[in-house]
Amino acid sequence: MDDDVVISIKGLKKSYKIIDPQISKGKLKLNKMVEYPIFDGLDLEIRRGDIVGILGRNGCGKSTFLKIVSQIVEPDEGTVEVKGKIASILELSMGFHGDMSGRDNIILRSELYGIPRKEVLAHIDDIIEYSDLGVFIDNPVRTYSSGMRSRLAFSVMVNVDADIFLVDEALSTGDMAFASKASEHLKNLVRSGKTVLFTSHSMGTIKRTCTRAVWISDHKIFMDGPADEVVDAYTRSINDSVEETMSLAKGGSSSAQYRLSTFYRDGNGVERNTAEQRRWLEEAALREHPMAMSELADILLSEGDRERAESLYKQAAENGSYDARRKYSTMKGADRKEIEELKDVMRELAESGFPYDLYNCGNLLFKTAMTRDDYVEAFGYLSKASELGWTDANIPLAQMYREGTGVDRDIGKSIEILEQAAESGNTRAMATAANNFLEGKYYPRDPERAFKWFLRSALTGNPKSQYQVAIMLSSGIGTEKDEQKANEWFIRYSSTMVNDSRKIAMETMRKRHMSDPRYNDILKAASMSYDVNSMVTLATKYETGHGFKKKHEAYVDLMEKASIAAGAPRTRLAEIYLEEGSTDYNPEKALVLLHSAAGSGDSRAMYRLAMIYKEGKICEKDMEKHAMYLTMAAERGNRDAKALVQGKRPKESDKDFKKGDPGKGKAKEQGKKKKSSKPKAGKDKKEDSSKE
Amino acid sequence: MDPISRLVKSAKDVYDNRIILMAMVRRNTAGRYKNSYIGFAWHLILPVLMIVVMYITFTAIRPRPLEDFWIYLSAGMFPVTFISSSLRGRAVVGNAKYITKMKFPREIVIVASVLTDYLTVVFAYVFVILVILLSGQYVNWGGMAFLVVELILMFIFCLGCSFLVSTVTVFVKDVGYFMSVAMRLVFWITPTFFLVSEAKGLLGAIVWYNPFTYFVETFHDILYYGIFPHPNLVVMSVILAFSFLLVGSMVFFHYEKRFPEVL
């Protein structure tokens, strides 16, 4: 075989025995086995230096395929030739021992890959650093979240030396930052002449990471080619198949339900049917699918149900639909009549044909558009303005192409005109393009391109872009990691955004318009520069869903960051981890946090610890510590603690405490009537430091 | 490939992958009792407790108690506990996730699980021998030297049994449960707390059909009676160890290819 071919599969056949589906109904005793083919004559050659993504429906044999390549499973017929050493990571959490610490598990797992202990110990600090697990590395693995586990597992793999890496669904867990780090690592491997095969259900990951993709279907390779093409074809096939969508929709997928409603609307693969369209729209809207809500609102509005339409627009807007946001603000905002008049004036002005007027008119129409006709009209004005070289018009135009409002949806076109405007020096267009490329929500994610645009925009002095450039440089996203350059940009950024003026601006904003969207932006910017107060406020917004889409992860994430800097957030973070039954439940972590918060003088943390030691539920009961923390908390002015020390019942109005244990603690307390004779701590001047 | 050269190749494979083997053993030992206070000693609690109970029971009941009965008990109890635990047949099923997800010589899971139990018996024996030496009992040094050989033979025997039982358990789950019941029964027909010469009637008729008896009796000869073991016992130990290893490994190697699919 060719020198560069590292895996060569010819005529692979494999079948599993399954219970005969004909007789299985209820009579399992007769389980007669029949052969079920998985691969029927599969041929594939993989060359050195490829990252190959393997896709296909569940049960199409992706995992079996990897198992055959790694020679765990033997083929029935055909040949599998592999050149070089294989490292297969078919399940990231395999072989972790829950009771052993992360560190011990790194050693254990490396040994399972055949790396001698000595060598692991030589590299262990690098591995730990790569895993980003920090202080948790010496805690037992059973306390880790699934994301942390896969980070740990992936870090071990980084140290494995092999020629071919097989990875099964590895990059699907773990947060964004780690996923991109991991996919960077795979790319680096390939650059150094290794080969990577991996399966994933995340089309984005495959597109971003792979050079080539293979689509397994009908027991063989159905399609093989550049990753982009294969993924697009695969996505299309899944989307277009009505049957598929129907079953997904019935299974409760809101995006499938929305898609199905569009099939009924457009007569795509099914007969047109307004009743069905309506039904699926309602279903999808119920599951808060923004586009479905917006579209349903359109229908309701045309039927005259203004009230419900309004609330749906609002909901959709909160879920991130720009379209709905516009419509909602128009409905709520200025007088309709006034707008109509304004529109007429603008139309008249636009008659002149000056690009500026064309743009203004188009923009107004776009921003106040309610119906598709409005959009079409706006599109006409805007594209004329754009043709005449008014690049500002390209931004709303790109948005229209992106969302498919007023014109057929065309991402390629959207990118093209946005970049055109950016190319001609429009800073807003640069920043918009960069944001879109980085987000990867509407445009294909492309950090390098995003970086390019941020950099150009930053050079023109845009502070937000300067900040982004600095961040991307320091974490090596879309560019090579360069701390020094990053620092230069941070300095430029901070000189643009003088810190004090920002704080003043924020205070003013806080007093005036809590609902002003700019307030949120400032909050975000401030929390990125580690302003604890802003972080906590922003986190609370995420948790309560006030002004933001409700996002628990973001809340926890922000609180984690904030708790590095101050004690009070640590207590609140601990409360999250103490919530029984929630996915975040992690008492060990909570205890660590509480202790450190108490150590930095947070009286609420002390009070909380006192209660925990008394309850003895998550740690051993220790009345001595209970008394100690209680006194400390009381001395620092915690009212509940004081009340307890004095043998009174603590006040009920306790906002900082969420549901759960504290209530129980109090109830017990009341029954027992604490007789502690600890002196009343009146001398202290400190206010309760946990109050934000 | 004939069974013997397959076995030799397998031994080489296991040796080449000894890092994985030791990692598995460590996972089984250190991992299992992590965060417990007495750790590995939990392994020894059951046999020690049995010895104490038996000692008390039988010294109280017997009209003429056996002299130094505790040596007799401990010489037999540890090997029997070891053999029965390696016969539970969980080695392959219990390590399904490695078998299905990792490319490595699959016999390692068997060797690792037997080795884990084996460490216990070695550990316990070191302790027992120390006590024997300290209490000034008569020691036959030739026998003591042979003890090492016999321990290795017992290891090989258990390896063979485990190969056999673990393989069958993959396909017929009931065997695993059956074995844990059977082991209880076998315990009572193995001379751990009675002398073979005392076995009468039915017990006397079947006691020599129990392969455990040969190993246990060898240990009794060496540790309790302080003599070099009877040649018959030695020959039988060798025959049992190697025949079980051969048969067990043949079965294992014949079926191991199907493990990833069945598990």
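Predicted model: local features only at pLDDT ≥ 70, side-chain atom pairs only at ≥ 80, totals over all residues.
Local features need pLDDT of at least 70 and side-chain atom pairs count only at pLDDT 80 or more, while totals for chains, interfaces and linings use all residues. Residues are numbered from 1 along each chain as its sequence is written, and chains are lettered from A and ligands numbered from 1 in the order in which they are written.

**View 1. Helix α1 of chain A, residues 62–69.** Eight of the eight residues of α1(A) are buried, so the helix is largely enclosed by the rest of the structure (buried: 20 or more other C-beta atoms within 10 Å of the residue's own, C-beta atoms being placed from the backbone). Among them are A:Phe65, A:Leu66, A:Ile68 and A:Val69, and also A:Lys62 and A:Lys67. Just after α1(A), A:Gln71 has a positive phi of about 65°. Helices are DSSP runs (H or I, at least four residues), numbered from the N terminus.

**View 2. Packing of α8 (residues 242–250) and α9 (residues 254–266) in chain A.** The helices pack at an angle of about 135°, with their axes 8 Å apart. A:Val242, A:Thr245, A:Met246, A:Leu248 and A:Ala249 in α8(A) meet A:Ala256, A:Gln257, A:Arg259, A:Leu260 and A:Phe263 in α9(A). The residues of this contact comprise seven nonpolar, two polar and one charged.

**View 3. The side of chain B that touches chain A.** In all, 18 residues of chain B are in contact with 21 residues of chain A (contact: C-beta atoms, placed from the backbone, within 7 Å). On the chain B side, α2(B) gives the most, with six residues.

Terms used:
Buried ≥ 20, exposed ≤ 12 C-beta atoms within 10 Å, placed from the backbone. Helix = DSSP H or I, 4+ residues; strand = E, 2+ residues; numbered from the N terminus. Axes fitted to C-alpha atoms, helices over the stretch in contact; angles between N-to-C directions. Contact = placed C-beta atoms within 7 Å. Nonpolar A, V, L, I, M, F, W, Y, C, P; charged D, E, K, R; others polar.
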